[in-house]
Amino acid sequence: MENKLTTANKVAYGFSDFGNNLVFVAATNYLMFYYTDVAGLSLAATGILFLIVRIFDAFAGPIFGILVDKTQTRFGKVRPWFLWMAVPYAISAVLLFSIAFFPAGSRLTLAYITYAVFTVCFAGLGTAINAILPSLSADPNERASANMFRNVLGQAGGLISGLAILPLVSMLGGTNNAKGFAMGMGLFAVILVIAEVFTFINVRENITPEQEKPVPLHDSIKALLPNGPWWTIIITNIIIFIGVVVKNSSTVYFFKYVLHNEGMSAIANSVSSLAMIVGAITIPFLIKKYPMRTVVIANLLVAILGQGVLLVAAQTASVGSAILGVAVSAFGLGGAAQSLMFVMTAETVDYGEWRFGVRAQGLLTSVSAIGASIGAGLAGVINSEILARFHFVPNVTQTASGIMGINICFIYGPALIDALCVISILFYGLDKVSAKMHADLMAKRESEMNEGAI
C-alpha cells in the first residue's frame with residue numbers, strides 16, 4: 001500500500017477540479033443573473049427553481065456514491081468515473097446557458113430541465129473527485145497535500161472562469177448576451193473534457209480495488225448513521241454553502257447596483273479565487289502543527305473579518321475596500337470550506353472503517369456532498385426571497401430598500417453563516433483519535449496483505 005504520492009499524481013488529481021470549477025463557478029456566479037437579466041425569468045420563479053432542483057440533486061449524489069462503491073474495473077473503483085462523466089457534464093453546461101434562445105413561454109420549463117441535468121452531472125463528477133481522495137493515500141498529510149493541489153488548481157479554474165466569462169460574453173456575443181453566454185460556456189466545456197481525461201489518464205488509486213471489495217448497501221449505511229464526525233461535516237457543509245452561494249450569486253448585484261461598477265465583479269471573483277488559492281496552500285503546513293478543527297475555526301474568523309471590511313466598503317462606496325474584503329473573506333474560506341472540509345470527510349471514511357469495520361467511501365463522501373447541494377438549493381431561494389422582499393428590480397437604479405437586500409445577501413448573511421459554522425465544527429472530535437485510528441488501520445492492512453501473500 002502506497003502512502004507517499006508523486007507530484008504527478010497530485011497534479012492529475014488537481015486538474016479534476018480545475019475543469020469542474022471552470023464550469024461550475026461560472027454557473028454559480030452568473031446563472032441567477034443570466035436567468036433574471038438575460039432570459040427574463042422572475043426572481044420568485046428562479047428562487048423556487050434553485051430549491052426544487054437542488055433537493056432533487058441531493059438524491060443524485062448518494063446514488064452515484066453507491067454506484068462508486070460497487071464499481072470494479074481494471075482502471076479502479078473511482079477513476080473511471082472521471083472519463084464517464086466528462087462529456088455529459090460538458091454538454092449539460094452549454095445547455096444550461098442556452099434557454100434564452102427559445103420562446104419566453106418555454107424558458108422556465110427548459111430552465112428546470114437543463115438545471116436538473118446539469119446538477120446530476122455535477123453530482124456524478126463531484127462524487128468521483130471527493131471519493132478518490134481516501135484511495136490516494138492512507139496518510140492524512142499526503143491527503144492534505146493532494147487536496148491542496150486540488151484546491152489550487154480548482155481555484156485557478158474558478159479564477160479563469162470569474163475573470164474571463166464576462167469578457168468572453170462580450171467578445172463572442174457582442175450586444176447579444178444570450179449568444180455570448182452560450183459560446184463562452186461552450187469553450188469552458190471543451191476545456192473541462194480535456195482536464196477530466198487528463199485526470200483519468202494520470203491519477204492512481206493506491207488503495208486498490210482488491211483491498212476494497214464491493215460494500216453491500218446495508219453495510220454502508222451502518223458506517224454512516226452512527227458516524228458522529230461525518231454528521232458534523234454534513235451539517236457544517238449545509239450551513240457554509242448557504243453562505244458561499246448566497247454571496248457568490250449576489251457579487252455581480254453588489255458591484256452593479258451598490259458600487260455602480262459592474263465590470264469589477266469579474267475582478268472581484270478573480271481576486272476571490274486567488275485568495276482561496278493562497279488559503280489552500282497554507283493548509284498542509286498548518287495541520288502539521290495544529291488540529292484540523294482549530295485551523296477551520298481560525299479561518300472562519302478571518303472570513304468574518306473580511307465581511308466587516310465589505311461593510312465598510314458598502315458604507316463608503318469604495319471599490320478598493322470591497323476588493324480587499326473579498327480577498328480577506330475568501331482567504332478564510334479557502335482554508336475552511338474549500339479545503340479542509342474534504343480532508344475531514346476523508347477522515348470520516350477512515351473512522352467508519354476503524355469504528356464500524358466498513359469502508360464506504362463512495363456513499364460517505366457523496367452523501368456528505370449533499371450538504372453542499374442542500375445548502376446551495378436553500379441559498380437560491382433565500383437569495384431571491386431576500387431580494388424580492390426588499391423590492392429589488394433588475395436593470396434599474398435601486399431604492400434604499402433594494403440596496404439593503406443586496407447587502408444582506410453579500411455582507412450580513414455570509415458573516416452570520418460563518419459564525420454558525422464556528423459553532424457547528426466544534427462538534428468534530430476526530431482530531432483526538434486520528435493518530436491511533438490511522439496506526440490501527442495501517443496495522444490491519446499490513447496484516448491483510450501478509451495473509452494474502454501467504
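This is a predicted model: local features need pLDDT of at least 70, side-chain atom pairs count only at pLDDT 80 or more; totals for chains, interfaces and linings use all residues.
Start by selecting Gly174, where phi is positive, about 65 degrees.

**Helix 6**

Now select residues 140-173, which make up helix 6. Helix 6 has 34 residues. From the first C-alpha to the last, helix 6 reaches 47 Å, close to the expected 50 Å. Is helix 6 mostly covered or mostly open? Mostly covered: 24 of the 34 residues are buried.

Next, zoom in on Ala164. Helix 6 has a kink of about 40 degrees there. Show Pro167 too; the kink lies shortly before this proline.

**A pair of rings**

Move on to Phe255 and Phe410. How are their two rings arranged? The ring centres are 6.5 Å apart and the planes stand at 80 degrees, so the pair is edge-to-face. Trace the chain from each ring. Phe255 belongs to helix 9 (residues 228-258), while Phe410 belongs to helix 15 (residues 400-425).

Lys247 lies over the face of Phe410, at 5.6 Å from the ring centre.

Select Arg79 and Phe200 next. Arg79 lies over the face of Phe200, at 4.8 Å from the ring centre.

For the last stop, select Tyr34, Tyr35, Phe50, Phe97, Tyr115 and Phe181. These residues form one aromatic cluster. How many aromatic pairs does the count come to? The count is 23.

Conventions: Residues are numbered from 1 along each chain as its sequence is written. Side-chain values use heavy atoms; hydrogens and water are left out. Rings of Phe, Tyr and Trp (its six-membered ring) pair if their centres lie within 6.5 Å; planes under 30 degrees apart count as stacked, over 60 as edge-to-face and the rest as tilted. Helices (H or I, at least four residues) and strands (E, at least two) are DSSP runs, numbered from the N terminus. A charge sits over a ring if NZ of Lys or CZ of Arg is within 6 Å of the ring centre and within 35 degrees of the ring normal. The expected span of a helix is 1.5 Å times one less than its number of residues. The bend at a residue is the angle between axes fitted to the seven residues ending there and the seven starting there. Buried means under 20% relative accessible area, exposed over 50%, partly exposed in between (1.4 Å probe, protein chains only).
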